[in-house]
Amino acid sequence: MKHLPLWVEQEPRPTGLTSDLPAEADVLVVGSGFTGLSAALRLTAAGKTVAVVDALEIARGASSMNGGFVSTDIKAGVKTVFEKQGPAIAREMWDASVRAHERARELAQRTGALIHDYGAAAVGKGKRDLDDIRATVDWYNRELGAGWEVAGPEDIHRFVGGDAFDCAMIETDSFGVHPARLAFGLAAEAKAAGAVLVDRCEVVSVRKENGRHVAETTKGRIAAGEVVLATNGYTTIRPSDKLAKKVVPIGSYMIATEPVGHTVAERIFPNGSMAYTRKRLLHYMRRTEDDRIVIGGRRTLHPGLDLDESAADLRKALICYWPELEQFEVTHVWGGRLAVPFDLIPHVGKVEGMWYALGYAGHGVALSIGLGHDLAGMILGEDPPSVFSRIPHRGRFYWNGRTPWFLTPASVLYRVLDRLGR
Ligand SMILES: Cc1cc2nc3c(=O)[nH]c(=O)nc-3n(C[C@H](O)[C@H](O)[C@H](O)COP(=O)(O)OP(=O)(O)OC[C@H]3O[C@@H](n4cnc5c(N)ncnc54)[C@H](O)[C@@H]3O)c2cc1C
């Protein structure tokens, strides 16, 4: 079993993307995932000089290795925002998520990364799940015109095979991408547009000098008019411990089986739809272009879990959902990091004079692309402040940005609530 994202093996990172660190740029973008690359695309199109630096390789964070589900909405659910903060802000967040989704679709089409366009099924079992799905779909269709559907026991097998699930909320607008193809495609576009991409270049500190930002990196120094922190789940106390305290890094792990053959893949995902369970410690599953089945999730919330143990857990879940998959080997396992803000709403803002957009909580393919674009619009003075910049973004007194001790008790609590169906 390879410790390597299947996506990156299928779509190797292009060579020739990177350059040396320039001495200056109009905008320094820290982090070369979807957020940073999307911001860089808009900034370069407006004539700015842009340097995108990454502590790892280009797009080596979550953007090239995720599940590739591209959906509207936010992790907290616009319905929850509606109930807690009122209809106006909820509507704005929904509209922003739809714009982000449209932008992601456009880029996915352009880079050849759009591979499934049949929606996503949030799967459940039993009457309570079905009632809850009906109420949720009613609300999203009535208040937001989402156009989602309910699949009950009579038609669930149009979307997901097997006996494990008998109902689903069908998010008809979701589509599936090849994450590495999209991420490396965007990196290539950003470079072609004039952005300078620098890999293995960690920004360790940023200070203000004569009205400009001066960043110290592991490859030297760069001065920039503006700095964008696009570090999401890889945000640490360097260069801003204030930002690190606002989001908690959480691990997410995935495995891929060997190709299972067209007949088996068709039985499991008959129309190429994708699926995820309606749990806190959820699983997300889909098929690939070459008829493998991939599943992602986590045993606990911790980043940095052992990959072989994670693979064993995920394989067990896969076989529990579809016993016929027991005969197939798992060929790849990998893991990455999400950034989870305490309110489960993404945030755009400024910290210590630097711009940031992050906190997608595992619901970030569309949003990172959309918010990177919107953040660039704010820097250029072309867009009004994003709705995600107009809500408070608070940390918690017990989180210092360094050791997330509370993830163990939170994982236990989530497991219990999931078992109870709460
Ligand atoms: C396994 C997994 C599955 C997922 N599945 C889905 C899914 O199916 N659908 C969905 O919507 N979302 C999913 N997500 C979430 C989604 O991938 C992310 O929200 C999105 O990719 C975030 O993009 P980003 O550019 O903000 O961050 P990233 O792509 O994580 O990039 C951040 C980058 O910042 C760099 N960095 C950090 N600190 C520094 C520094 N000091 N100096 C220089 N560079 C630095 C890191 O090296 C990293 O490359 C998943 C995430 C994971 C990990």
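Predicted model: local features only at pLDDT ≥ 70, side-chain atom pairs only at ≥ 80, totals over all residues.

Colleague: At what angle do helix 2 and helix 10 pack, and how far apart are their axes?

Modeller: The angle is about 40 degrees, and the axes are 7 Å apart. Angles under 35 degrees would count as roughly parallel, so helix 2 is oblique to helix 10.

Colleague: Which residues make the contact between helix 2 and helix 10?

Modeller: From helix 2, they include Phe34, Leu37 and Arg42. From helix 10, Val365, Leu371 and Ile379 are among them. Sorted by class, this contact has ten nonpolar, seven polar and one charged residues.

Colleague: What about the ligand: which residues come nearest to it?

Modeller: Of the 43 residues here, Gly33, Gly61, Gly67, Gly336 and Gly364 come nearest. Helix 2 and helix 10 turn up again, each giving two or more residues to the shell, as do strand 14 and strand 18. The shell divides into 18 nonpolar, 20 polar and five charged residues.

Colleague: And how is the chain divided into domains?

Modeller: Domain 1 covers 2-119 + 173-416, and domain 2 covers 120-172. Their C-alpha centres lie 26 Å apart. To read where they meet, look at both sides: 23 residues of domain 1 are in contact with 21 residues of domain 2.

Colleague: Which element gives the largest share of domain 1's side?

Modeller: Strand 15, with four residues. By class, that side has 13 nonpolar, six polar and four charged residues.

Definitions and conventions
Residues numbered from 1 in each chain as written. Near = placed C-beta within 6 Å. Nonpolar A, V, L, I, M, F, W, Y, C, P; charged D, E, K, R; others polar. Axes fitted to C-alpha atoms, helices over the stretch in contact; angles between N-to-C directions. Parallel < 35°, antiparallel > 145°, perpendicular 65-115°, else oblique. Contact = placed C-beta atoms within 7 Å. Domains from an automatic or database assignment.
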